[in-house]
Amino acid sequence: MGSTTENSAFRVTRNPWDRRRVPGGSSGGSAAAVAQHQCIVALGSDTGGSIRQPASFCGVVGLKPTFGLLSRHGLMSYASSFDCIGPVTSSVEVPFFSLTSFSHFKFRIANLGCRMPPSCCR
């Protein structure tokens, strides 16, 4: 967990709007990629703000969905009941469509089993 994205396995990620600034937490690479129009949607992981903080730093939209809506299978757990996978996008409309798509996949969820998406995502 961190709030800078300065410790990367590859290179330091920079904020696309000001290269002297950091893009924010552990999903800073996802937020920076969306802000630079390298992709329409990117996934991030959020335990304590790691989707939302980078999104705000980079001027994009980050959403931490309701716990259990998206599978956490494969996510390294820091605090199991807080960990979520969520989308980082360039506009507020895209998270709804990406959540609709992602929530239909039925992956294993370690502590919940499989859940159907809520009616808003069907």
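**View 1. Four salt bridges are counted in this predicted model.** A salt bridge here is a side-chain nitrogen of Lys or Arg within 4 Å of a carboxyl oxygen of Asp or Glu. Side chains of opposite charge can pair when their charged atoms come close. This is a predicted model, in which local features need pLDDT of at least 70, side-chain atom pairs count only at pLDDT 80 or more, and totals for chains, interfaces and linings use all residues. Residues are numbered from 1 along each chain as its sequence is written, and side-chain values use heavy atoms, with hydrogens and water left out.

**View 2. Asp 18 and Arg 20 meet in a salt bridge.** The N-to-O distance between their side chains is 3.1 Å. Asp 18, Arg 20 and Arg 21 are linked in a network of salt bridges. Is Asp 18 buried or exposed? Asp 18 is buried, with a relative accessible area of 18%. Buried means under 20% relative accessible area, exposed means over 50%, and partly exposed lies in between (1.4 Å probe, protein chains only). Arg 20 is exposed, with a value of 75%.

**View 3. Asp 46 forms salt bridges with Arg 52 and with Lys 64.** The side chains of Arg 52 and Asp 46 meet at 2.9 Å, N to O. For Lys 64 and Asp 46, the closest N and O atoms are 4.0 Å apart. That pair links distant parts of the chain: Lys 64 sits in the loop between S2 and S3, Asp 46 sits in strand S1, and the two are 18 residues apart. Asp 46 is buried, at 0% relative accessible area. Arg 52 is partly exposed at 39%. Lys 64 is partly exposed at 26%.

**View 4. Three strands form an open sheet in the order S1-S3-S2.** Strands (E, at least two residues) and helices (H or I, at least four residues) are DSSP runs, numbered from the N terminus. Two strands pair if DSSP finds at least two bridges between them. The pairing in this sheet is antiparallel. Strands of a sheet pair through backbone hydrogen bonds, either parallel or antiparallel. Strand S1 (41–46) and strand S2 (61–62) are the edge strands, and each pairs on one side only. Two bridges join S2 to strand S3 (residues 84–89). Gly 62 stands opposite Val 88 in S3.

**View 5. Helices H1 and H3 lie across strands of the sheet.** Helix H1 (residues 28–35) lies across S1 and S3. H1 runs at about 160 degrees to S1. Helix H3 (residues 93–102) lies across S1, S2 and S3, at about 140 degrees to S3. Axes are lines fitted to C-alpha atoms, for helices over the stretch in contact, and angles run from 0 to 180 degrees between N-to-C directions. Which residues of H3 are buried? They are Pro 95, Ser 98, Leu 99 and Thr 100. What covers these buried residues includes S1, S2 and S3.

**View 6. Asn 15 lies in the segment before H1.** Asn 15 counts as buried, at 4% relative accessibility. Its side chain reaches the backbone nitrogen of Trp 17 at 2.8 Å. A polar atom of the Asn 15 side chain also lies 3.3 Å from the backbone oxygen of Val 22. Leaving aside neighbours within four places in sequence, Asn 15 is in contact (heavy atoms within 4.5 Å) with Arg 21, Val 22, Pro 23, Phe 57 and Cys 58.

**View 7. Gln 36 lies in the loop between H1 and S1.** Gln 36 is partly exposed, with a relative accessible area of 38%. A polar contact of 3.0 Å joins the side chains of Gln 36 and Gln 38. A polar contact is a pair of N or O atoms within 3.5 Å; within protein, one must be able to donate a hydrogen and the other to accept it, and residues adjacent in sequence count only if both atoms are side-chain atoms. Beyond its neighbours within four places in sequence, Gln 36 is in contact with Pro 16 and Arg 19. The C-alpha atoms of Gln 36 and Trp 17 are separated by 8.8 Å, and these residues are 19 apart along the chain.

**View 8. Cys 58 and Cys 84 are buried.** Cys 58 has 0% relative accessibility. Cys 84 has 4%. How many disulfides does a search of the whole structure find? The search finds zero. A disulfide is a pair of cysteine sulfur atoms within 2.5 Å.
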